[in-house]
Amino acid sequence: MSQTQSVSSLNNQIKSLLEARFLHVSVEGEISRATYHSSGHLYFTLKDADSAIACVMFKGNAKALKFQLEEGMAVIVHGALSVFSPRGTYQINCLSMEPAGSGALAKAYEQLKAKLSAKGYFDAERKKRLPKFVERVALVTSATGAALQDMLKVAQKRWPLVNITLLDTLVQGENAKLSIAENIAKADRLNVDVIIIARGGGSIEDLWAFNEEIVADAIFTCQTPIVSAVGHEIDYVISDFVADVRAPTPSAAMEMLLPDQIEMLQRLDDTAQHYERLVERLLHTKVLALTRLQELFHQHSIDRKMALWKSEIALLQGQLNERFERLLREKAYARQSLLERLVFQTRQNLSTHEQLLVTYRNALSAKEPKREQKECYAQIVRKGKKVALETIEIDEVFELQTPSTILLAQALSKRPLDL
């Protein structure tokens, strides 16, 4: 007989064997009895038609899920097998999870998106701008779909004058990608302003035709601006990234392209009022300018100039008279000052010359001949004329005269007589 062991020992051995053997597992099945615990952990059962297994996804991994678990949802879980020894039960410890059937599509979507991005299909600089006013629109969509009716209703309400051309297109199924690509090329030859490729909402499989590379190529090579309006607002397909503009819904695409006729009428009224105000303002400005020109004309007229010139002449004449008067006053003051200085100087000169005259008179008086004769001199007179002593010859008789006497003398020699 085999050796007896405890339940705990057996469970621990099973735990070691199972967890080592099933360290990495990927299991596909349907969700049953999903429970979001208050702790953040997620508990559910994964089952198929014949069997079921308990699963747990702890809080850290549960936070990374991008979707909510629903009863019957087909998923693929990735994790490891774990054994709870105290109860002898085992479960899958889920590390990640994805919806079954969409995993391959999601991978293909990401691969194609990366490929087209590398080729420049999503570059902003290559995207064409939508025209400001749209007159002709081509719709690449199904003639029987709800998206078409939604767009037509919006167009009728917002701008009934728009010219819409429908290209009936397969938007779901195996041949949809070819139909979409061909009708984009046809629409590009219609000389319309904008092309809208559209369809209503659906699953990722329903929208997959707009994730095909052939459709992306058709959008990229199209010369007409394209709006991609596929699915609901939360749906993103490859055509959204390649197109020039993405609209969240088909109806939104029409609202984006077409003006609101009521708003346009209001805008026209506002524009008319704006231009009326501009014209009134312009007229008012011109009237002011004309008035200003009239004032300037009056200010620069001949009469005005003559009056200004007369005023300036009178002002200049007054200034000239004032300057002359000031100059005359200055000259009169200078003349008076010079006259006073002249009188003073003349008096000084006269006084000086009078003193000199007195001095010269006194000197002259001192040397007067009569006075000298009175004192010690006599003059020589010959034949009634005064002569010099040197002219008297020997034995010549001459007279010596003083103021009071006349003497006769005879020259005995040529030397001077010593009287």
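Trainee: In which sense do strand 8 and strand 9 pair, parallel or antiparallel, and over how many bridges?
Mentor: This is a predicted model. In it, strand 8 and strand 9 (residues 226–230) pair in the parallel sense, over five bridges. Within that region, Ile 196 stands opposite Val 227 of strand 9.

Trainee: What is the order of the strands in the open sheet?
Mentor: The order is 7-6-8-9-10, an open sheet of five strands with parallel pairing.

Trainee: And which are the edge strands?
Mentor: Strand 7 (163–168) and strand 10 (245–246), each of which pairs on one side only.

Trainee: Which strands does helix 4 touch?
Mentor: Helix 4 (residues 146–158) packs on the sheet and touches strand 6, strand 7 and strand 8. The direction of helix 4 makes about 160 degrees with that of strand 6.

Trainee: What about helix 5, which strands does that one lie across?
Mentor: Helix 5 lies across strand 6, strand 7, strand 8 and strand 9, and runs at about 170 degrees to strand 6.

Trainee: Changing topic: how many salt bridges does a search of the whole structure find?
Mentor: The search finds nine. One of them joins Asp 193 and Arg 136, at 3.6 Å from N to O.

Trainee: Where do Asp 193 and Arg 136 lie?
Mentor: Asp 193 is in the loop between helix 5 (176–188) and strand 8 (194–199), whereas Arg 136 belongs to strand 6 (residues 136–141), so the pair ties together parts that are 57 residues apart in sequence.

Trainee: Is Asp 193 buried or exposed?
Mentor: Asp 193 counts as buried, because its relative accessibility is 19% and the cut-off is under 20%. Arg 136, at 30%, counts as partly exposed.

Trainee: Which other residue forms a salt bridge with Arg 136?
Mentor: Glu 135 does, with the closest N and O atoms 3.6 Å apart. Glu 135 is exposed, its relative accessible area being 51%.

Trainee: How far apart are the closest N and O atoms of Glu 396 and Arg 382?
Mentor: They are 3.3 Å apart, and the two residues form a salt bridge. Glu 396 sits in the loop between strand 12 (385–386) and strand 13 (397–401), and Arg 382 in strand 11 (residues 379–382), 14 residues apart. Glu 396 is buried at 19%, while Arg 382 is partly exposed at 22%.

Trainee: One last topic: which residues of helix 6 are buried?
Mentor: In helix 6 (residues 213–221) they are Val 215, Ala 216, Ala 218 and Ile 219. Viewed down the helix axis, these buried residues fall within an arc of 160 degrees, so they line one face of helix 6.

Methods. Residues are numbered from 1 along each chain as its sequence is written. This is a predicted model: local features need pLDDT of at least 70, side-chain atom pairs count only at pLDDT 80 or more; totals for chains, interfaces and linings use all residues. Side-chain values use heavy atoms; hydrogens and water are left out. Buried means under 20% relative accessible area, exposed over 50%, partly exposed in between (1.4 Å probe, protein chains only). Helices (H or I, at least four residues) and strands (E, at least two) are DSSP runs, numbered from the N terminus. The arc is that of the directions from the helix axis to the C-beta atoms. A salt bridge is a side-chain nitrogen of Lys or Arg within 4 Å of a carboxyl oxygen of Asp or Glu. Two strands pair if DSSP finds at least two bridges between them. Contact means heavy atoms within 4.5 Å. Axes are lines fitted to C-alpha atoms, for helices over the stretch in contact, and angles run from 0 to 180 degrees between N-to-C directions.
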